[in-house]
Amino acid sequence: TAKTAPTTKMPIKTNLSTTDRFKLTLSLWPYTIPLFVVYWAEYALQSGVWVVVDIPGFTRDEFYTYANTCYQIGVFCSRSSGTVWKPGVKTLWVMPSCQFFILVWWVLNVEKGWWLDGWIMALAGVVGLFGGWVYVNAFRLVIESTEDDLKEIATAATSVFSDAGCNFGEGTGLLIQKLLE
């Protein structure tokens, strides 16, 4: 007997007007704003603050490399925890708020020199944790709260906000870098 090929379910396509797509995108604000803010703060830190940090015992290049390694470890841990910890929308909003305050603290810390030793890299890991948790859980919540036939377009629309946060963060980082040098 011949084997039949497995059937695959094709994504449901909807015929949404441009206005309907815009309304759908606007309705995703509980998830897109935290995603934008967490990435904005994260990339402003990386491109603005971490490149000008002077810590005794480290060159700027060494600090930047080690801080970003700690950051990536935080991202790896938090993005790997998507099935373990599933916070709701309220917690999703707390994390980027904390990320914003971490950005402000880093800027002030570099300016005032409060805490400038190697242990500060642990805070770089926390930045990665917040970023990864918001990323995983924003998309999880979008998928859970969206009708089946709109999931694909909703996740695509949401992804624009993480990219926009990265871009605005890079721009902000350049300004911060100039102010701190």
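Is Lys151 buried, partly exposed or exposed? At 22% relative accessibility, Lys151 counts as partly exposed; buried means under 20% relative accessible area, exposed over 50%, and partly exposed in between (1.4 Å probe, protein chains only).

## Basis of the report

This is a predicted model, in which local features need pLDDT of at least 70 and side-chain atom pairs count only at pLDDT 80 or more, while totals for chains, interfaces and linings use all residues. Residues are numbered from 1 along each chain as its sequence is written, and side-chain values use heavy atoms, with hydrogens and water left out.

## Salt bridges

Side chains of opposite charge can pair when their charged atoms come close. A salt bridge is defined here as a side-chain nitrogen of Lys or Arg within 4 Å of a carboxyl oxygen of Asp or Glu. The whole structure contains four salt bridges. One of them joins Asp148 to Lys151, with the closest N and O atoms 3.7 Å apart. Asp148 is exposed, at 59% relative accessibility.

Asp54, Arg60 and Glu181 belong to a network of salt bridges. Asp54 and Arg60 meet at 3.1 Å, N to O, and the closest N and O atoms of Arg60 and Glu181 are 4.0 Å apart. The latter pair links distant parts of the chain, 121 residues apart: Arg60 lies in helix H3 (residues 60-79), and Glu181 in the segment after helix H6 (151-180). Helices are DSSP runs (H or I, at least four residues), numbered from the N terminus.

## A charge over a ring

The charged end of Arg79 sits over the ring of Tyr135, 3.8 Å from its centre. The criterion is that NZ of Lys or CZ of Arg is within 6 Å of the ring centre and within 35 degrees of the ring normal.

## The nonpolar core

A nonpolar core is a set of buried Ala, Val, Leu, Ile, Met, Phe, Trp, Tyr and Cys residues joined through side-chain atoms within 4.5 Å. The largest such core has 42 residues, of which Leu45, Val49, Trp50, Phe63, Leu103 and Trp106 touch the most other members. Helix H2 (29-49), H3, helix H4 (89-112), helix H5 (121-145) and H6 each give two or more residues to this core. The largest share, ten residues, comes from H5.

Leaving aside neighbours within four places in sequence, Leu103 is in contact (heavy atoms within 4.5 Å) with Trp40, Ala41, Ala44, Leu45, Val49 and Ile176.
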